[in-house]
Amino acid sequence: MRVLAANDPQSGVETAIEPPGTGEGYWAGGPSAVYRDGAFWLAYRVRRPVDHTPVEDARGYANIVARSSDGVHFETVATLTSDEFGAASLERPALVALPDGGWRVYVSCSTWHSKHWWVEAIDLGDGARKVVLAGDASTAWKDVVVSGSDSPGGGWHMWACRHPLDGGDDEADRMTSWYLTSEDGLSWVLDRQALAPTAGTWNARGTRIASVVAGDSGWTAFYDGRASAVENWHERTGVAVGDDCAEFTAAGEPTPIGQTARYLSIATLPDGHRLYWEASRADGSHELRTAYVPRLASLSQTE
């Protein structure tokens, strides 16, 4: 967990994407990274402050898909705007490589004048779209992590963040992570709760799975957590472990308090891993950072 807390070039941490502005509410982050055929592919969210004008350009105004040869310097390939989805805001996308060589993006969309969120899938090749998690009056879904048909064990897997809406707007920031399965990545079956908060701890208000990694002795999930509603938007990264990919238990300590480190995504390379995450700057903006970790290192200990 040390790498995620670093803000020092000597640590190997570099800025991959700059925020779209200076100050509170200007964020670049929510990454979803894939390494494929010698190139790095990255989907991420850009955001402006809530009080930005015009209101249509405030909050999460776009998801961007970009490509890089070195994992640090990216060139934009596609831009998906909140207006295209009729959404008040977009949050973290999930990027998945399709068997035919194409790409699918799962987009988290906010309903106008509501705490409700839904998740929609769009194939970048032909633009085909489908709502995959609609939510309802009591449930919002967002910030999904998706593993495609080439997943260990086969089949499609999703870990989705659930926000309960039955407690009113002041309680809608609470979050738990749920596990879903699918045969085609479009029609999903809810399986079980994958990770829940622990009362009286740093993650008592919410646990949002950000990435899942298979290991020789089980599975590891990296997740965003917070202790209270005050820490909304300033989550820290923690580690959870499981015997399989459907259910996890929190383990160990999170990244340091006072430093936002969230939405960790891991691109697996032949000789190691390249990490991407959203981190806070001193001026209140958020940038998207990256670091390389050799394969011999333990992810749960090195970061």
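I began with β17: six of its seven residues are buried, so the strand is largely enclosed by the rest of the structure. Buried here means under 20% relative accessible area, exposed over 50%, and partly exposed in between, with a 1.4 Å probe and protein chains only. Strands are DSSP runs (E, at least two residues) and are numbered from the N terminus.

I noted the ground rules next. This is a predicted model, where local features need pLDDT of at least 70, side-chain atom pairs count only at pLDDT 80 or more, and totals for chains, interfaces and linings use all residues. Residues are numbered from 1 along each chain as its sequence is written, and side-chain values use heavy atoms, with hydrogens and water left out.

**Sheet around β17**

I looked up the partners of β17. Two strands pair if DSSP finds at least two bridges between them. β17 covers residues 236-242 and pairs with β18 in the antiparallel sense over three bridges. A240 has A250 of β18 as its bridge partner. Six residues lie between β17 and β18, and the two form a hairpin.

On β16 (residues 218-226), I found seven bridges to β17, again antiparallel. There W219 has G242 of β17 as its bridge partner.

I then traced the whole sheet. It is open, with four strands in the order β15-β16-β17-β18 and antiparallel pairing. β15 (206-215) and β18 (249-251) stand at the edges with a single partner strand each, so one side of each has no neighbour in the sheet. Neighbouring strands are turned by 35 degrees against each other on average, direction ignored. Axes for this are lines fitted to C-alpha atoms, and angles run from 0 to 180 degrees between N-to-C directions.

**Sheet from β11 to β14**

I checked another open sheet. Its four strands follow the order β11-β12-β13-β14, with antiparallel pairing. β11 and β14 (188-195) are the edge strands, and each pairs on one side only. The twist averages 30 degrees from one strand to the next.

I followed β11 to β12 (residues 156-164) and found seven antiparallel bridges. T139 stands opposite P164 in β12.

**Second largest pocket**

I looked up its volume: about 520 Å³. A pocket is found on a 1 Å grid over the protein atoms alone, as an open set of points where a 1.4 Å probe fits, with protein on both sides within 12 Å along at least five of seven lines; lining residues have an atom within 4 Å of a point. Grid points are joined across faces, edges and corners, and the volume is the space filled by probe spheres set on them.

I listed 26 lining residues, with R59, K115, W117, N232 and W233 nearest the centre. β4 (59-68), β6 (89-90), β11 (139-147) and β19 (261-269) each supply at least two of the lining residues. The lining has nine nonpolar, five polar and 12 charged residues. Asp, Glu, Lys and Arg count as charged; Ala, Val, Leu, Ile, Met, Phe, Trp, Tyr, Cys and Pro as nonpolar; the others, Gly among them, as polar.

**Cysteines**

I searched for disulfides, meaning pairs of cysteine sulfur atoms within 2.5 Å, and the structure holds zero. For C109, the nearest cysteine sulfur is that of C161, 15 Å away. That is too far for a bond. C109 is buried at a relative accessible area of 0%. C161 is buried as well, at 1% relative accessibility.
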